[in-house]
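Q: Hi! I'd like to go through this one with you. Could you start with the terms I'll need?

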Amino acid sequence: MIARESVKRSFPLPSPQELALTGVTVLWGGTFLVLHIAMQHCGPGFFVFVRFMMAAVFVGLLAGRKLLDFNWREVRAGALIGVALATGYVLQSAGLRDITSSRSAFITALYVPLVPIFQWVFLRKPPHLMSWLGIALAFAGLVCLAGPAALSLSFGRGDLLTLFAAIAIAVEIVLISLYARGVDSLRVTVMQLFAGSLFAGLMMPVSGEAFPSFSWIWFGCALGLGGLSALVQVVMNWAQKSVAPTKAAVIYAGEPVWGGLVGWLAGDSLPPATLLGAMLIVGGVLTSELRPQWLERLLGRVPQTLTKND
């Protein structure tokens with residue numbers, strides 16, 4: 001009994017919320033092809049505007065009469081998260097016009113080490129030592145997936161846009177955890193999607209982006225990804241009520257792994273660096289869950305001895 005409890009303490013089973021975030025990450029991994037097709041027929045700001053507005057309508061229909069009970073905290077939380085969400089999507093898409101996808105993947109991956117720093121600064125919650133180790137492994141895996149060419153940064157326009165996108169993504173993850181408790185997941189999701197859509201639309205004239213002519217291609221892509229965004233944001237707002245931002249960031253780091261698996265199933269080859277990167281990311285996820293008894297004792301978080309009741 002003591003040995004079994006010791007194993008549970010050292011390596012707890014994933015919670016339903018963590019499994020839900022993993023499912024979200026799997027869905028994310030299959031969206032790159034759809035987004036690439038959409039960007040050939042419209043600009044990033046317009047696409048985010050339409051996609052998030054469709055998503056807001058979907059979640060609004062699901063929420064129904066709950067929308068009548070909006071409170072100020074949900075409006076504020078949704079607006080802040082929505083602006084961060086839209087900023088990340090728009091800047092990342094805009095950056096892809098000037099840099100390669102591998103370089104974009106590497107720079108965007110900077111949100112992984114940024115999340116625990118932001119969590120520490122804004123939430124006053126220092127991540128566990130094993131979480132830091134998991135973050136390091138996941139980030140190393142993302143570097144392997146991006147390839148050596150991504151490391152030669154020139155900090156041109158595309159690099160800077162993508163860097164700011166990574167910061168926005170990290171801020172979004174921390175904000176969700178900050179406001180997740182005490183709000184209705186459906187109402188706050190509607191607000192953040194609506195605010196994100198409105199912000200992306202308002203940024204179009206600022207960036208000089210024009211409205212495209214109608215195309216069933218971008219409309220279909222926006223409709224499909226709008227439905228996905230609705231599901232993803234609801235799950236994130238619900239799951240991060242109990243999942244720490246750092247742990248969520250490690251789980252999200254698996255996105256390119258699932259994307260690579262989708263590509264492999266479609267016929268793409270997986271070079272050794274990609275396989276190594278995938279293993280490091282999976283190792284990072286597992287490591288972040290570990291809570292060795294010797295380390296817990298060293299940190300003063302568990303008693304020196306275990307009784308039969310522990």
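A: Happy to. Rings of Phe, Tyr and Trp (its six-membered ring) pair if their centres lie within 6.5 Å, and planes over 60 degrees apart count as edge-to-face. One thing to keep in mind: this is a predicted model.

Q: Okay, how many aromatic pairs does the structure hold?
A: There are eight aromatic pairs. One of them joins Phe46 and Phe211 edge-to-face, at 5.7 Å centre to centre with 80° between the planes.

Q: And where do Phe46 and Phe211 lie?
A: Phe46 is in helix H4 (residues 44–63), while Phe211 is in the loop between H10 and helix H11 (216–239), so their pairing ties together parts 165 residues apart in sequence.

Q: Is Phe46 buried or exposed? And what about Phe211?
A: Phe46 counts as buried, at 6% relative accessibility. Phe211 is exposed, with a relative accessible area of 61%.

Q: Switching topic: at what angle do H5 and H10 pack?
A: Helix H5 (residues 72–95) and helix H10 (residues 185–207) pack at about 45°, and their axes are 7 Å apart. That makes H5 oblique to H10. Their crossing is right-handed.

Q: Which residues make that contact?
A: From H5 they include Gly78, Ile81, Gly82 and Leu85, and from H10 they include Met191, Leu193, Ala195 and Phe199. By class, the contact has 14 nonpolar, five polar and two charged residues.

Terms used. Residues are numbered from 1 along each chain as its sequence is written. This is a predicted model: local features need pLDDT of at least 70, side-chain atom pairs count only at pLDDT 80 or more; totals for chains, interfaces and linings use all residues. Side-chain values use heavy atoms; hydrogens and water are left out. Axes are lines fitted to C-alpha atoms, for helices over the stretch in contact, and angles run from 0 to 180 degrees between N-to-C directions. Helices (H or I, at least four residues) and strands (E, at least two) are DSSP runs, numbered from the N terminus. Angles under 35 degrees count as roughly parallel, over 145 as roughly antiparallel, 65 to 115 as roughly perpendicular and the rest as oblique. A crossing is left-handed if the near helix is turned anticlockwise from the far one by less than a right angle, and right-handed if clockwise. Contact means heavy atoms within 4.5 Å. Ala, Val, Leu, Ile, Met, Phe, Trp, Tyr, Cys and Pro count as nonpolar, Asp, Glu, Lys and Arg as charged, and the others, Gly among them, as polar. Rings of Phe, Tyr and Trp (its six-membered ring) pair if their centres lie within 6.5 Å; planes under 30 degrees apart count as stacked, over 60 as edge-to-face and the rest as tilted. Buried means under 20% relative accessible area, exposed over 50%, partly exposed in between (1.4 Å probe, protein chains only).
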